[in-house]
Amino acid sequence: MLGEAEPQWISEEVKTGTTIIAIEFNGGVVLGSDSRVSAGDSVVNRVMNKLSPLHDKIYCALSGSAADAQTIAEMVNYQLDVHSLEIDEDPQVRSAATLVKNISYKYKEELSAHLIVAGWDRRDGGQVFATLGGLLTRQPFAIGGSGSSYVYGFVDAEYRRGMTKEECQKFVVNTLALAMNRDGSSGGVAYIVTIDEHSTDEKVILGNDLPTFFDQ
Amino acid sequence: MSSIGTGYDLSASTFSPDGRVFQVEYAIKAVENSSTAIGIRCKDGVVFGVEKLILSKLYEEGSNKRIFNIDRHVGMAVAGLLADARSLAEVAREEASNFRSNYGHDIPLKHLSDRVAMYVHAYTLYSAVRPFGCSFILGSYDKDDGPQLYMVDPSGISYGYWGCAIGKAKQAAKTEIEKLQMKDMTCRELVKEVAKIIYIVHDEVKDKAFELELSWVGEVTNGRHEFVPKDVKEEAEKYAKDSLEEEDDSDEDNM
């Protein structure tokens with residue numbers, strides 16, 4: 001029929017609209033993400049885990065174009081596997097972040113993805129690196145994705161140095177819940193990954209278990 | 001173990017009937033003709049000492065150095081064909097630089113040593129090229145992994161060491177090194193002992209003048225590989241010369 005537009009999910013690029021966050025505590029890191037994948041106004045996956053392992057104790061949080069972000073994560077996962085065999089020890093978080101940064105920077109015109117890299121290594125403990133646009137910077141915490149705009153005020157006001165692991169986990173869950181409430185491209189469930197010297201712990205918090213605020 | 005490998009020694013791509021690659025063994029002999037270099041690892045760093053023979057009084061002092069900087073935190077002391085060694089130093093520098101570019105931190109010494117050793121080994125496989133005629137000692141210091149020392153020889157094997165010597169007086173130097181309690185010494189103490197060992201193994205009769213090259217990397221230099229400062233070097237050389245005179249004196253007394 002003339003004038004009939006095709007559904008958005010056919011033509012629109014699949015984006016992980018997203019809210020992602022990572023925060024460092026003394027002895028490890030906590031990463032968090034939402035689970036919504038959108039193609040225009042359609043939600044094509046409501047339960048996607050955007051926290052992707054790069055190595056046993058190094059994870060990255062994906063945002064932007066789903067395909068670009070996943071591909072970068074897979075490439076770096078492979079490169080870190082080879083690298084850790086060559087140097088015969090666990091890779092540093094900085095190495096993982098540098099590998100991500102090198103791809104993001106070299107192909108910055110073609111790619112549209114931002115990965116936050118966070119993990120634990122024996123040299124420097126818990127570390128969070130932002131790689132937006134191909135830069136590389138270590139930060140006490142980092143937020144990203146379309147939902148992050150709505151929570152900059154919250155994280156700036158609520159962040160304190162020296163938070164414990166449990167306080168960091170609460171901080172992450174609260175931030176995600178607020179962003180998922182306001183950002184149309186973020187929602188679903190919250191995935192939380194906690195990494196420290198002894199373990200890497202993955203958790204899911206279902207929609208109705210997320211913290212509620214004044215309007216609920 | 002010296003023997004002539006007539007017929008089986010023309011190229012590195014040939015084994016002899018008793019399973020040897022003669023070209024590689026000849027390359028090792030080239031190293032044994034060169035003057036001595038030693039590297040010793042102590043509690044808080046690594047010290048290199050090289051006996052640099054001066055063939056002519058017309059040479060400018062300090063030219064043709066045999067200790068190289070490979071990245072900020074790694075030093076390399078060489079023995080054998082100096083031109084081969086220089087080209088390997090460039091290879092090592094590129095490896096270290098590429099590693100830093102790809103992974104964002106200093107290259108671990110074992111990894112660098114493995115990579116350069118693999119490169120050296122490649123030249124022992126083909127008849128179109130000859131093996132490298134040099135051995136070298138790599139050293140570094142890192143606050144998490146401590147001091148590290150590796151040696152690579154023309155066959156392409158790398159070994160980790162507490163103390164090692166290459167060149168013509170390597171046996172004599174090894175004997176002297178074994179007398180030291182290096183694990184309990186600091187770099188400042190070790191510098192003097194390294195100078196002393198080079199002076200001891202130097203053959204006054206066969207080789208006349210020599211210049212001592214000393215370098216270190218450790219806590220004392222904050223992990224940077226540097227040539228030993230002039231005053232420390234002078235103190236070390238004085239200690240070395242005095243120790244030798246003492247030994248000479250005591251020899252006379254025994255008569």
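**Chains A and B: hairpins, sheet and interface**

I'll start with a residue pair in chain B: N69(B) stands opposite G75(B) in β4(B). Before going on, this is a predicted model, in which local features need pLDDT of at least 70 and side-chain atom pairs count only at pLDDT 80 or more, while totals for chains, interfaces and linings use all residues. Residues are numbered from 1 along each chain as its sequence is written, chains are lettered from A and ligands numbered from 1 in the order in which they are written, and side-chain values use heavy atoms, with hydrogens and water left out.

Back to that pair. Strand β3 (residues 67–70) of chain B is joined to strand β4 (residues 74–80) of chain B by 4 bridges, and the two run antiparallel. Strands here are DSSP runs of E, at least two residues, and helices are runs of H or I, at least four residues, numbered from the N terminus. Two strands pair if DSSP finds at least two bridges between them. The hairpin of β3(B) and β4(B) has 3 residues between the strands, and D71(B) takes a positive phi near 70°.

Chain A has a hairpin too, formed by β4(A) and β5(A) with 2 residues between them; G40(A) in the turn has a positive phi of about 70°. Strand β4 (residues 37–39) and strand β5 (residues 42–45) of chain A pair in the antiparallel sense over 3 bridges. S38(A) has V43(A) in β5(A) as its bridge partner.

Now the sheet in chain B. What is the order of its 5 strands? The order is β8-β1-β2-β9-β10, in an open sheet with antiparallel pairing. At the edges are β8 (163–166) and β10 (226–227) of chain B, each pairing on one side only. Within the sheet, β2 (residues 45–53) and β9 (residues 210–218) of chain B pair over 9 bridges in the antiparallel sense, and V47(B) stands opposite W216(B) in β9(B).

Two helices lie across these strands. Helix α4 (residues 170–178) of chain B lies across β1 (37–42) and β8 of chain B, at about 165° to β8(B). Helix α5 (residues 187–201) of chain B lies across β1, β2 and β9 of chain B, at about 155° to β9(B). For these angles, axes are lines fitted to C-alpha atoms, for helices over the stretch in contact, and angles run from 0 to 180 degrees between N-to-C directions.

On to salt bridges, defined as a side-chain nitrogen of Lys or Arg within 4 Å of a carboxyl oxygen of Asp or Glu. Over all chains the count comes to 26. In one of them, the side chains of D84(B) and R130(B) meet at 2.7 Å, N to O. That pair links distant parts of the chain, 46 residues apart: D84(B) is in helix α2 of chain B, and R130(B) is in the loop between α3 and β5 (134–142) of chain B.

Last, the interface. Contact, meaning heavy atoms within 4.5 Å, takes 12 residues from chain B and 11 residues from chain A. The area buried between the chains is about 1100 Å², with carbon and sulfur atoms giving 44%. Buried area is the accessible area (1.4 Å probe) that two parts lose on being put together, summed over both. In chain B, Y103(B), H105(B) and H111(B) lose the most area to chain A, together 45% of what that side buries. Between chain B and chain A there are 5 salt bridges. D145(B) forms a salt bridge with R123(A), the closest N and O atoms being 2.9 Å apart.
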